[in-house]
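Morning, everyone. Please have a look at the structure, and then I'll walk you through it.

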Amino acid sequence: MSAKSKKKKASKADPESPVSEKDFQNGGGELGDNNGRPRSPETPLVNDRVMEAMNKGFAEINLKLEQIIGGQSDLAERVSSQERQTTEHSEVIKTLVNRIDELEQYSRKDDLIVSGLEIMHVSFSRAVTMDRAPDHHDNAPTHELETLEDKVVEFLNSHGITVHTDQISVCHTLRGRGKDKKSLIIMRLVSRKAKLFILRNSSKLKGTNVYINEHLTKKNSDIARAARVLRKQGKVQSTWVRNCTVFVKTLAGSEDARILAIRQLTDLDEFSKNN
């Protein structure tokens, strides 16, 4: 029998052999070692390839992490820059708003508001019926406005406040803003002296339910209202308005009692915290 036939016969005799003779002679080939046992996965060749792949993967991950961290740093810097710009813009807006309010208040320096005075005349009726118009000013003819001036002057003179019609440059009505919705009367005096004279003598109207006040902007009106609340709560001694500026006097009996001009609503916060 030839060697080739013997080899073929031997192969048939052991069909379940895990490796061929050649593989066995070469150390088990890919599946086993020289003893025919399965090769361990931790062979040097496999380890080198695995480690190389892992190192490559870690390098890619580290690169991506560095890119992410760099992007976060850039984003944080942008956010910080935007916050600084927002703060600067807020301060500019606040300054401009205060400046606009100051200019508006200055334009009202010579104005007085008379509230609670019931004057039934044509221009008054027209102002009431036109309270939905964008401009609430009384658009009555000149002779009707003169009648309004005459009646306001007549009322003031009857209570010991001497005023002449030639001291009033403009007199018109506004829609009432109180609960009773009575129209308010705005008088613009020709001089600051005439205005101060009327204000100093306005206490003579006590008991008539007619009040005379300076024509304040919304901001200063809110400040004056908050100051009056503090006075009622006993947190300030007194409050008043002079030349469209709100003043408060700190509580009596305190060594540092003083008079303060209130420019911002937040200036009253220190009094609100007092018990």
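Start with the rings. This is a predicted model, and it holds one aromatic pair. The partners are tryptophan 240 and phenylalanine 247. How do we describe such a pair? A pair of aromatic rings is described by the distance of the centres and the angle of the planes. Here the centres are 6.0 Å apart, and the planes sit at 15°. That angle is under 30 degrees, so the pair counts as stacked.

Now the overall picture. The protein has 275 residues, and 27% of them are buried. The secondary structure comes to eight helices and seven strands.

Next, the inside. The largest nonpolar core has 22 residues. Which members touch the most others? They are Leu117, Val152, Leu156, Ile185, Met187, Ile198 and Ile212. Five elements each supply at least two residues of this core: β1 (111-115), α5 (142-158), β2 (168-174), β3 (184-189) and α6 (192-200). Helix α5 gives the most, with five residues.

Take leucine 117. Leaving out residues up to four places away in sequence, leucine 117 touches Val152, Phe155, Ile185 and Val210.

Last point, on contacts. Take those with a separation of 6 or more: residues 24 or more positions apart account for 50% of them.

How values were computed:
Residues numbered from 1 in each chain as written. Predicted model: local features only at pLDDT ≥ 70, side-chain atom pairs only at ≥ 80, totals over all residues. Heavy atoms only, no water. Core = buried A, V, L, I, M, F, W, Y, C linked by side-chain atoms within 4.5 Å. Buried < 20%, exposed > 50% of the residue type's maximum accessible area, 1.4 Å probe, protein only. Helix = DSSP H or I, 4+ residues; strand = E, 2+ residues; numbered from the N terminus. Contact = heavy atoms within 4.5 Å. Phe/Tyr/Trp six-rings, centres within 6.5 Å; stacked < 30°, edge-to-face > 60°.
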